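Please keep the sequence and the coordinates open while reading.

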Amino acid sequence: MINEVLHTLPQVLIDGLTLGAVYAIVALGYTMVYGILELINFAHGEIFMTGAFVGTAILLTFAGFGWLASMPALVALVLVLVVTSVVTGLLGMGIERVAYRPLRNAPKLITLITAIGVSFLLQDIVRFIAELKNGNYILTGPSLFSGQIGIKVSSISSIFNDASVKSSFFIVLIVAVIMMVTLDFFVNKTKWGMAMRAVAQDRETAALMSVNVNKVIALTFFIGSALGGATGVLFAIQYGTIDPYIGFILGLKAFTAAVLGGIGNIRGAMFGGILIGIMEMFAAANLPVISHGVLGAEYKDVFAFAILIIVLIFKPEGLFGKVSVEKV
Amino acid sequence: MSLLRLEDINTFYGGIHALKGVSLEVNEGEIVTLIGSNGAGKSTTLKTISGQVKPKSGKIIYNGQDITNTPPHVTALTGIAHVPEGRRIFPRLTVKENLEMGAFSVKDKRVIEERMERVFHYFPRIKERLQQKGGTMSGGEQQMLAIGRALMMQPKLLMLDEPSMGLAPIIVEQIFEIIKELNEEGMTILLVEQNAFQALQIAHRGYVIQTGEIVMSGLGKDLLVNEQVREAYLA
């Protein structure tokens, strides 16, 4: 049994890393908004989904005009990522302005329910538009990076099977890492990043320092949603087929990743995402093996949520969420 | 010349009438103190000035301009620095970042450094702790950092809300010494205190507030010897 697990390990790690990178960036959106507003923005999963649709729509349009064949895939990718980020960033900002800001001083539960409402709204709007344009709300985009690359892990040790990787794997991973590093730098090293942290810690006092709190909150939504939307594009490129409901489960898992890393903690969210991605892939590959076929691979989802429950019971502040010592 | 003037300010907190027609004046170069017991409306007065709370009626004139309904982040730009009650240091920002937040509106890095040097001149202890997280400092250090952070704005008017709260007498002594020094160098100060004795000793003038109303005002040294004040606040 151990041997079988080891055989598939290289493939599990590669698939898990890809999926984990997706979770990680979506988790960032949850954690940033939570950090600043103490709001679980349930609509964030739908922002991700909208990003996937916007990106795919752009690619399909390019393909329709025959431009896709004539431009390098990398150029198309960058173009799609940038446009989609701006669109979903503005969408996130708009949602904050219209749905959350008027409720800023309302009880948290009310904003939470509003967020769930926004999330249904986005699902249906996207579904409506997709059906109108396409006749079907399940969309398959043109594949940008379709090559397969074999990695001969077996040459390292014969206990491993060879892994195969879609070339889009590297794209997803590289873009994800660039986004995470850039965000980390922005939050920790720039003036507006500092303002964001200050607003998250004490909104009233930040305002006394001449920080326009509304602007910082809008900025937070823009960045979180832009990253979420861009990740949607990566998801569509990696997995091909999308529908308006992909944001729900994925959003929940990304949220789990954020809680796992300590909600409000940006680096924690990145780590939590990667960890959940790898564990989920591990479960998918090995559950049938370990349980001798009793549990199928489809039970993998249980894993993420079992982790959520365990974390909440034993370490409610998350792996990296410090119970910070604050003297009065 | 009057730098700040409140005219008949009425402020409500939910249903509570927290300030009932408060009028007061702070002249350029003065230390003015607002004393009163817990819940009398001292903090609300400062919050109304900085714009954290909106008054229902009345006027706030600062430097000749009406700033009555100005939001706090704009008030801060006019040169009013508000050191809030309980210091409100950003706990997970470093000491240095806390200071930098004070100079948020300043773009020139050199100016920020100059101001920081000036803060170190008043509070040398802060300099040794620049990389430490604000929340890990002692109460006295946090108060010094809170004042230092406000000084980074290079304010014309410094408003302090209970700087002595919860601090050892020797620290309170130091902080009041620095408030005096700042004033002697030309800064106008509005000091809210429960510690009336300390406050009246350094203040030029004082106001006594009671359940939202100014009930007495006068020179600091006169209030210090006033029978009613002695009985109510200095006993």
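At what angle do α2(A) and α9(A) pack, and how far apart are their axes? The angle is about 55° and the axes are 7 Å apart. Axes here are lines fitted to C-alpha atoms, for helices over the stretch in contact, and angles run from 0 to 180 degrees between N-to-C directions. Helices (H or I, at least four residues) and strands (E, at least two) are DSSP runs, numbered from the N terminus.

Some conventions come before the rest. This is a predicted model, in which local features need pLDDT of at least 70 and side-chain atom pairs count only at pLDDT 80 or more, while totals for chains, interfaces and linings use all residues. Residues are numbered from 1 along each chain as its sequence is written, chains are lettered from A and ligands numbered from 1 in the order in which they are written, and side-chain values use heavy atoms, with hydrogens and water left out.

The angle given above makes α2(A) oblique to α9(A). Angles under 35 degrees count as roughly parallel, over 145 as roughly antiparallel, 65 to 115 as roughly perpendicular and the rest as oblique. The crossing of α2(A) and α9(A) is right-handed; a crossing has that hand if the near helix is turned clockwise from the far one by less than a right angle, and is left-handed if anticlockwise. On the α2(A) side, the residues that meet α9(A) include A:His44, A:Ile47, A:Phe48 and A:Gly51. Their partners in α9(A) include A:Gly224, A:Ser225, A:Gly228 and A:Gly229. By class, this contact of α2(A) with α9(A) has six nonpolar, 10 polar and no charged residues. Ala, Val, Leu, Ile, Met, Phe, Trp, Tyr, Cys and Pro count as nonpolar, Asp, Glu, Lys and Arg as charged, and the others, Gly among them, as polar.

Helix α2 (residues 44-64) of chain A also packs on helix α10 (residues 246-261) of chain A, at an angle of about 130° and with the axes 8 Å apart. These two helices are therefore oblique to each other, and α2(A) passes α10(A) in a right-handed crossing. Residues of α2(A) including A:Phe48, A:Met49 and A:Ala52 meet residues of α10(A) including A:Phe248 and A:Leu250. Six nonpolar, three polar and one charged residues make up the contact of α2(A) with α10(A).

Helix α10(A) has a further partner in α1(A): the two pack at an angle of about 75°, with axes 8 Å apart. That makes α1(A) roughly perpendicular to α10(A). Among the residues that meet are A:Val22, A:Tyr23 and A:Val26 in α1(A), and A:Leu250, A:Lys253 and A:Phe255 in α10(A). The contact of α1(A) with α10(A) has 11 nonpolar, two polar and one charged residues.

Helix α7 (residues 191-201) of chain A is mostly covered, with eight of its 11 residues buried. Buried means under 20% relative accessible area, exposed over 50%, and partly exposed in between (1.4 Å probe, protein chains only). The buried residues of α7(A) include A:Met194, A:Met196 and A:Arg197. Their cover includes α1 (2-37), α6 (168-189), α8 (203-208) and α9 (213-239) of chain A, together with α3 (95-102) of chain B. Contact, here and elsewhere, means heavy atoms within 4.5 Å.

In soluble globular proteins, nonpolar side chains tend to be buried together. A nonpolar core is a set of buried Ala, Val, Leu, Ile, Met, Phe, Trp, Tyr and Cys residues joined through side-chain atoms within 4.5 Å. The largest one has 101 residues, of which A:Leu28, A:Tyr100, A:Val211 and B:Met101 touch the most other members. α1(A) gives the most to this core, with 16 residues. Apart from it lies another core, of 51 residues, among them B:Ile112 and B:Phe120.

Some single residues remain. A:Ser85 lies in helix α4 (residues 73-100) of chain A and counts as buried because its relative accessibility is 16%. Leaving aside neighbours within four places in sequence, A:Ser85 is in contact with A:Ala226 and A:Ala230. In chain B, B:Ile80 lies in strand β6 (residues 80-83) and counts as buried at 3% relative accessibility. Not counting residues up to four places away in sequence, B:Ile80 touches residues including B:Ile49, B:Tyr62 and B:Met153.

A:Glu38, in the loop between α1 and α2 of chain A, has a positive phi of about 55° although it is not a glycine. B:Gln154 also has a positive phi, near 45°, and lies in the loop between α6 (139-151) and β7 (157-161) of chain B. With a relative accessible area of 45%, B:Gln154 is partly exposed.
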